[in-house]
Amino acid sequence: MRKIKYLIFASAICGVVICRSLACLAVEIPLIKVAKTNGLHMLSANSFGAKDVAFAFKDNSRVFTFKKILMPLGFPAVKRYGRYYIDSSDYKYHIQPLLPTTKHRYKKLRTIVLDAGHGGEDNGAIAPWNKLQEKFLTMDVCLRLAKLLEKNGYKVVLTRSQDKKVPLPERTQIANRTKADLFISIHFNSAPSASASGIETFTLTPPTQASSYQASSRSVHGNFIGNTFDTLNIILGYCLQSSLTEKTSAIDRGVKHSTFVVLRDLKCPGILVECGFLSNREECKKIASSAYRDILAQSIFNGIIKFNDLLSD
Ligand SMILES: [Zn+2]
């Protein structure tokens, strides 16, 4: 059934059906058709839009940027005989939500659930430099963000307000029980390599696509309740990631995709934000300052407002 839906959807803008594997058919759409159908101009063989609103793709790569923000695709864009093609599911889940003509139909935000990652015996990442614990930093940013949101008339619910462990499914249930309009999970990153740095956001992986850290393949996982909001999640990801990287000047690691437990069963748009690497000495030094954590909270707030402004009933 899903395969049939793909074919109908893609044929609407003249897709090319190819066989990726013996197991299933993929539909590829020429980039030039994507631009033309949406009244946009090609800027080069692998980009379209306008100079400051460019949708840009890379040869045989999942790298895709919108307004210079990295928004990785589910499948690589393919170059064939000088023309670029993208997968129809990438058009649906990654490109269409960002088109200027797309209407984002969803109620204006009122109740926002903030989820401070980790807590209690679960410290999260620990900075090797100064032993800062992720669980305290996530709580700190959540409280700063909550203050900003409440000052601007939003109702804020915290999944934890103390240093205690809250199971991951319970965090989602808090959002669902309180009929949240938006769920934001705050985290800090860590990597074996001390050179890794920057900010990345994660939305739930769309069905039929692979998560960002998995090899690209089709039908990797099923459909979760949270997948109802895939297209809203992409625009939410763009709003937060662009706001965060602009205000902090941190490296843009992209709006990535994962099947994190806290995002799976959400009955509202949701996102997980990794606000920087505690394992990177320079970035950790910044994160340790309350002025920088204020900037983080302010930029997440700005991203939420940007997202809310795009919503219409
Ligand atoms: Zn974490």
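Predicted model: local features only at pLDDT ≥ 70, side-chain atom pairs only at ≥ 80, totals over all residues.
Two strands are said to pair if DSSP finds at least two bridges between them.

**The whole chain**

Display the entire protein first. Its secondary structure comes to 9 helices and 17 strands. The radius of gyration is 20 Å, close to the 20 Å given by the globule rule for 313 residues, so the protein is as compact as a globular protein of that length. Along the principal axes, the C-alpha atoms fill a box of roughly 55 × 40 × 35 Å.

**The open sheet**

Next, select the strands β12, β11, β13, β16, β14 and β15. In that order, these 6 strands form an open sheet with mixed pairing. At its edges stand β12 (155-158) and β15 (252-258), each of which pairs on one side only. On average, neighbouring strands of this sheet are turned by 25° against each other, direction ignored.

Now zoom in on residues 111-116, which make up strand β11; this strand and β12 pair in the parallel sense over 4 bridges. Which residue of β12 is the bridge partner of valine 113? It is valine 157.

**A helix across the sheet**

**Helix α9**

Move on to residues 290-310. Helix α9 has 21 residues and reaches 31 Å from its first C-alpha to its last, close to the 30 Å expected at 1.5 Å a residue. Show the side chains of its buried residues, among them Arg293, Leu296, Ile300, Phe301, Ile304 and Phe307. What covers the buried residues of α9? The cover includes α4, β13 and β16, already visited, as well as α6 (230-248), α8 (281-287) and β17 (311-312).

Finally, select residues 47-50 and 53-57. These are the strands β4 and β5, which pair in the antiparallel sense over 4 bridges. They form a hairpin with 2 residues between them, and alanine 50 of this pair stands opposite valine 53 in β5.

Phenylalanine 57 has phenylalanine 64 in β6 as its bridge partner. The hairpin of β5 and β6 has 6 residues between the strands, and asparagine 60 takes a positive phi near 45° there.

Note on methods. Residues numbered from 1 in each chain as written. Axes fitted to C-alpha atoms, helices over the stretch in contact; angles between N-to-C directions. Rg over C-alpha atoms; globule rule 2.2 N^0.38 Å. Expected span 1.5 Å × (residues − 1). Buried ≥ 20, exposed ≤ 12 C-beta atoms within 10 Å, placed from the backbone. Contact = placed C-beta atoms within 7 Å.
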